[in-house]
Amino acid sequence: MIAPAAFEDLTFPEQALTYWTKYEFNQWSRAGLNYFNSGSNSGNTAVYTTASILHTGVGSLSGGALANNGKMYLGGYGTTTAYTLDTLTDATASLGAISNNCQSGFYSAITNKAYLVNDGNVKVINCATNDVQNIALTFGGQSIGFGVSLDGNFAYVNNFFASKAINRVSLINTGSVAAFSGSYTGDSLKGTMGWDNKMYMGGGGGSTGIKAYNPATNTVANLAVPGVGSTSDSYRDIVQHYDGYLYAFPAYNAGQPIIRIDPTTSTITNVVASITDPRVVSLCVGADGRIYGIGNGGAAGYGVSIYNPRTNQYTLESISANKNWQFIKMGAKGDLYMFAGDGQIWKKTLINGGGLQKPLQEYNGIVSRLQNT
């Protein structure tokens, strides 16, 4: 979609800019295509080790965000304890009882704060001091965050089971919350902000297709998936790739395709007819440009789903352990971290830096804009 052609400045844009435009996204896209999809990274040779266990006993962590200090700020579901995972050293530390059924998180490089989305509130963690602030939402019950707006000023949070409400949370004026006044059909449990500043939402029980919330018009549009139609809960997480497209893997219906969403036309294309693991609930873009997903099947065989957008090839890395995976996220050095419902953290280590020519921390800045858990 965006060619890796010559550009005025093939470096990553400043992450702390208060305002990003399409220019900054193009800058990030071209730099990503130039640096991460070249040489061995453009083929199918694995640049990550197979997944192995890293930590146990940290509770059922189900959401979090990577900050510029290299730490992930993590909240749990069914537990009140929040943690940090230092992805530079792999050390964990408790933040105390500040979490309340957290299911997602995001980070702002502008405020240097991590945001854990809980039932009815957002816990704001100052990454320099670990001080915690509470933002009350206009709704109670289970909530999910969809990330930071392109301008860096707001984040969007959804109440996915009850009110179908969307809140706009001000990151600059912490504590200011505006409510979306409309409604939509079905539940939305996962998703992300796209480069077009729309919130793309996956499904839940009773959901149909993919939903796109436009903050500019305060409306939700339903995008139909070819050949899937109104099948509920077919897709959950959505990830923005630096090729300009968004991608989603099937969640709770076997035999469904991997889909590609074109924000410029609001159309969906099936790119892989069906995949081996039908329960992918979390996605992230790896340092090699591939998309990595983990399944929530709770059984052997639900492992790591890997899709290469350049070659349009899908593979499954099986994991023998029976795991109820919650989410997957890339660390500051490019390693992938997988979080299970039984309190375990697994890791896929980037081999020899993957031949990357740019610091991963620069690349990871996009996490605060377009990728969340």
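Q: Which residue takes a positive phi in the hairpin of E22 and E23?
A: Gly289 does, with a phi near 85 degrees. The hairpin has 5 residues between the strands. Strands here are DSSP runs (E, at least two residues), numbered from the N terminus.

Q: Where do these numbers come from?
A: This is a predicted model, in which local features need pLDDT of at least 70, side-chain atom pairs count only at pLDDT 80 or more, and totals for chains, interfaces and linings use all residues. Residues are numbered from 1 along each chain as its sequence is written, and side-chain values use heavy atoms, with hydrogens and water left out.

Q: How do E22 and E23 pair?
A: Strand E22 (residues 280–285) and E23 are antiparallel, with 5 bridges. Two strands count as paired if DSSP finds at least two bridges between them. Val280 is opposite Gly295 in E23.

Q: What about E23 and E24?
A: They run antiparallel too, joined by 4 bridges. Tyr292 has Ile306 in E24 as its bridge partner.

Q: Is E23 buried or exposed?
A: Mostly covered: 5 of its 5 residues are buried, meaning under 20% relative accessible area with a 1.4 Å probe, protein chains only. On one side are Ile291, Gly293 and Gly295, and on the other Tyr292 and Ile294.

Q: Which residues have the most contacts inside the largest nonpolar core?
A: Tyr48, Tyr292 and Met338, in a core of 18 residues. Such a core is a set of buried Ala, Val, Leu, Ile, Met, Phe, Trp, Tyr and Cys residues joined through side-chain atoms within 4.5 Å. Strands E23 (291–295), E24 (304–308), E26 (325–330) and E27 (336–340) each supply at least two residues of this core.

Q: What does Met338 touch?
A: Leaving out residues up to four places away in sequence, its contacts include Ala51, Ile294, Val304, Trp325 and Phe327. Contact means heavy atoms within 4.5 Å.

Q: Which residues does the second core include?
A: Among them are Ile258, Val271, Leu283 and Tyr314; this separate core has 15 residues.

Q: New topic: what is the strand order in the open sheet of 4 strands?
A: E10-E11-E12-E13, with antiparallel pairing.

Q: Why is one side of E10 and of E13 left without a neighbour in the sheet?
A: Strand E10 (143–148) and strand E13 (177–179) stand at the edges, each with a single partner strand, so one side of each has no neighbour there.

Definitions and conventions
Buried means under 20% relative accessible area, exposed over 50%, partly exposed in between (1.4 Å probe, protein chains only).
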